[in-house]
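Here are my notes on this model. Please read them with the structure open.

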Amino acid sequence: MVEAAIECIEAEGIEGVTIRKIAAIAGMNSAAVNYYFRSKEALLERALAATTENAIGDWERIVEDSSLPPEARLRGILEELVEGVRKFPNLTRAHLHGPIMEGDFDTVFARRFRRFVARACEILAPALSGGGAPELRLAALFSAAMGWGLLGGMFAGLPGAVPEDPEARKEYLELLLSCLVSGG
């Protein structure tokens, strides 16, 4: 059911999810969803917690990989983030719905994200040279990567500025990384 909820969020957007749609994807009846989770909100919370752990767990593995130099770790996190946003835009929007639409910064994603950024700063601070605190520099990095991935359509028609183009993604990530590492 959790996997069906995740699939439904990506297909319909968080606002379009219904218990009936989740049940249809899961091949169950609506009563089963209510029996196991008591509410659509509880199921959606579980689904978003699972996708939060998946995404941030991947980022943490990259940050903790001491076999890679700090810049390679930052690049790896950027690549994972931009690809995740590009492949799963509605899940990304669902994770950001509470903070953006409701001003709720106590969501599972927001709390877990803050812990990740704090840990990443501990490990990667030496690579985050230039102006501004490391936390602020990482916040800028994540905001720029998520924003471009979610709002790429605003750049349609501008050559080289579309997230769907692998070369544009590579160039954009290198630009972000150079700004983050050099302070540019």
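Predicted model: local features only at pLDDT ≥ 70, side-chain atom pairs only at ≥ 80, totals over all residues.

1. Rings of Phe, Tyr and Trp (its six-membered ring) pair if their centres lie within 6.5 Å.

2. Take the ring pair F113 and F142. Their ring centres are 5.1 Å apart and the planes stand at 90 degrees, so the pair is edge-to-face; over 60 degrees is the cut-off for that label. F113 sits in helix α7 and F142 in helix α8 (residues 134-151), so this pair links distant parts of the chain, 29 residues apart. F113 is buried, with a relative accessible area of 17%. F142 is buried too, at 1%.

3. F142 also pairs with F116. Here the centres are 5.8 Å apart and the planes lie at 85 degrees, so this pair is edge-to-face as well. F116 lies in helix α7 and F142 in helix α8, so the contact ties together parts that are 26 residues apart in sequence. Both F116 and F142 are buried.

4. Now the overall fold. The protein has nine helices and zero strands. Along the sequence the pattern reads α-α-α-α-α-α-α-α-α. The C-alpha atoms fill a box of roughly 55 × 40 × 30 Å along the principal axes. Buried residues make up 40% of the 184 residues. Among contacts with a separation of 6 or more, 63% are between residues 24 or more positions apart.

5. Which residues have the most contacts inside the largest nonpolar core? They are W59, L74, I77, F116, L138 and F142, and this core has 32 residues. The elements that give two or more residues to it are α4, α5, α7, α8 and α9. Helix α7 gives the most, with seven residues. In soluble globular proteins, nonpolar side chains tend to be buried together.

6. I77 deserves a look of its own. Leaving aside neighbours within four places in sequence, I77 is in contact with W59, I62, V63, F116, L124 and F142. A second, separate core has 18 residues, including A23, V33, F37 and L48.

7. Helix α4 has 25 residues and reaches 35 Å from its first C-alpha to its last. That is close to the 36 Å expected at 1.5 Å a residue. Buried residues in α4 include L43, L44, A47, L48, T51, T52, I56, W59, I62 and V63. An α-helix has 3.6 residues a turn, so residues three or four places apart point the same way.

8. On to the charged pairs. How many salt bridges does the structure hold? There are eleven salt bridges. Side chains of opposite charge can pair when their charged atoms come close. One of the bridges joins E60 and R112, at 2.8 Å from N to O. E60 lies in helix α4 (residues 40-64) and R112 in helix α7 (residues 108-124), so the pair ties together parts that are 52 residues apart in sequence. E60 is partly exposed, with a relative accessible area of 24%. R112 counts as buried, because its relative accessibility is 8%, and the cut-off for buried is under 20%.

9. The bridge between E83 and R169 spans 2.6 Å, N to O. E83 lies in helix α5 (residues 70-87) and R169 in helix α9 (residues 166-182), so the pair ties together parts that are 86 residues apart in sequence. E83 counts as partly exposed at 24% relative accessibility. R169 counts as buried at 10%. Elsewhere, salt bridges that share partners join E53, E60 and R112 into one network.

10. Two further side-chain pairs to check. K21 forms a salt bridge with E12, and the closest N and O atoms are 3.3 Å apart. K21 is partly exposed at 33% relative accessibility. E12 is partly exposed as well, at 40%. Separately, R38 lies over the face of Y35, at 5.9 Å from the ring centre.

Conventions. Residues numbered from 1 in each chain as written. Heavy atoms only, no water. Salt bridge = Lys/Arg side-chain N within 4 Å of Asp/Glu carboxyl O. Buried < 20%, exposed > 50% of the residue type's maximum accessible area, 1.4 Å probe, protein only. Helix = DSSP H or I, 4+ residues; strand = E, 2+ residues; numbered from the N terminus. Phe/Tyr/Trp six-rings, centres within 6.5 Å; stacked < 30°, edge-to-face > 60°. Lys NZ or Arg CZ within 6 Å of the ring centre and 35° of its normal. Core = buried A, V, L, I, M, F, W, Y, C linked by side-chain atoms within 4.5 Å. Contact = heavy atoms within 4.5 Å. Expected span 1.5 Å × (residues − 1).
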